Structures are given as C-alpha cells and as structure tokens.
Amino acid sequence: MKKTYIRAALLALCCCPLAACGREAVSYEIAAVSEVQGETAVSSADQESGEPETIFVYICGAVRSPGVYELPLGSRVFSAVEAAGGMTEEADSRLLNQAGILEDGQQITVYTKAEAESLPSQEQSARSETAGKVNLNTASMESLMTLPGIGEAKARAILDYREEQGGFQSIEEIQQVEGIKEKVYEKIKEQIEV
C-alpha cells in the first residue's frame, strides 16, 4: 500500500498544476486504499469459502523426525517423508506409495525392513482381492471403501484399529471398530477375511 501511495503522490506532483495537486493526490490515495481493501476483501472471501490451503499429516515409523507436519494442499507422500527428514536406513520404501496424494488428517507409517517381513505378503493380499474378499489386515483404505457401508471415516477407523491392536484375529472383531456394529457387519461379513 505504501508503494502505491508513493507512486500516486509522485505522479500527482509531476503531472498536475500545483493548485490541483492536493485534490489529485487525495483521489489517488483513496483509489490506492480502495484497491488494497478490495484485494483484502477478495482474499477474505477465499478464506471463508472453506477451502484450506494447507493440510496436516502425521508421519511415523522409520523416518528421522516423526510428527505432525503442515503441508500445502495437494502434496504427495514423498513431501511428507522429506518434511520428516527422510527415511532411516532401516526403512522399507517398497510398501509406501510415495506418489500418493495426501489428505488432511492422514497418517503415514513407514515400516522398517524387519516389520515389512512380518506383514502378510503382497502375494497373499493379491490372492485375497482376486478371490473377491477384502483382507482386514492388509487392505488399503481404497479397498476397504469398496465394502458396502464403509466410507472414508469408517475405513480410516479400521486402519487405526488395525495399527493399535496389531491386526484383526477374526472377522467378527471388526465390530469393535468405532462406527461398525452388527448391522454393518451383516452387510460385509461375506466379503471380508483376516
């Protein structure tokens, strides 16, 4: 705003007779302030539209500085890894889709090579999915969301429960997940396995 005002004042001094100069300078000052206030109003309207410009993600596991990081909207997983100082030497990057687009509130777990070996193999997971069943212990969020009655919130709750409890021991255990009770279980029990 100061630069605009100074330019307007210099322009008024150079281009107008001395008597009219005061009026011109005032009108330029008003125009400059209106212009800046107009820009402010537009940016406030953008902020009020509910569209966040940043997201927060939690990255844990085999990274140098696990924690919650604020990233620009539309960032990818590799950006979160970089923000956390990169992967440690023990990390197994094969299980992490680094090109995936991040969502607000998402948790990213970077497994070590030892942890990756103890996880069910990708081959078993692929066999389960081709058999038409979703494995509760290996399925991605997207796979879980293919089940009837399971949206993003319930799929995230399943992943959180799986991580906290170390996996599901039986398909009936899914009823222990917040938001999934008998009615939802009845819809999905023929389509899930452990």
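By contact I mean heavy atoms within 4.5 Å. On that basis, residues 24 or more positions apart account for 43% of the contacts in the protein with a separation of 6 or more.

This is a predicted model, in which local features need pLDDT of at least 70, side-chain atom pairs count only at pLDDT 80 or more, and totals for chains, interfaces and linings use all residues. Residues are numbered from 1 along each chain as its sequence is written, and side-chain values use heavy atoms, with hydrogens and water left out.

The protein has eight helices and five strands, taken as DSSP runs (helices H or I, at least four residues; strands E, at least two) and numbered from the N terminus. Of its 194 residues, 31% count as buried, that is, under 20% relative accessible area with a 1.4 Å probe and protein chains only; exposed is over 50%, and partly exposed lies in between.

Let us turn to the first site. Glu173 is found in the loop between helix H7 (152-165) and helix H8 (182-188). Which residues does Glu173 contact, leaving aside its neighbours within four places in sequence? They are Tyr161, Gly167 and Phe168.

Is Val68 buried or exposed? Val68 is exposed, with a relative accessible area of 59%.

Finally, the protein exposes about 12,400 Å², and carbon and sulfur atoms supply 52% of that area, computed by the Shrake-Rupley method with a 1.4 Å probe; for residues, only the protein chains shown count as cover.
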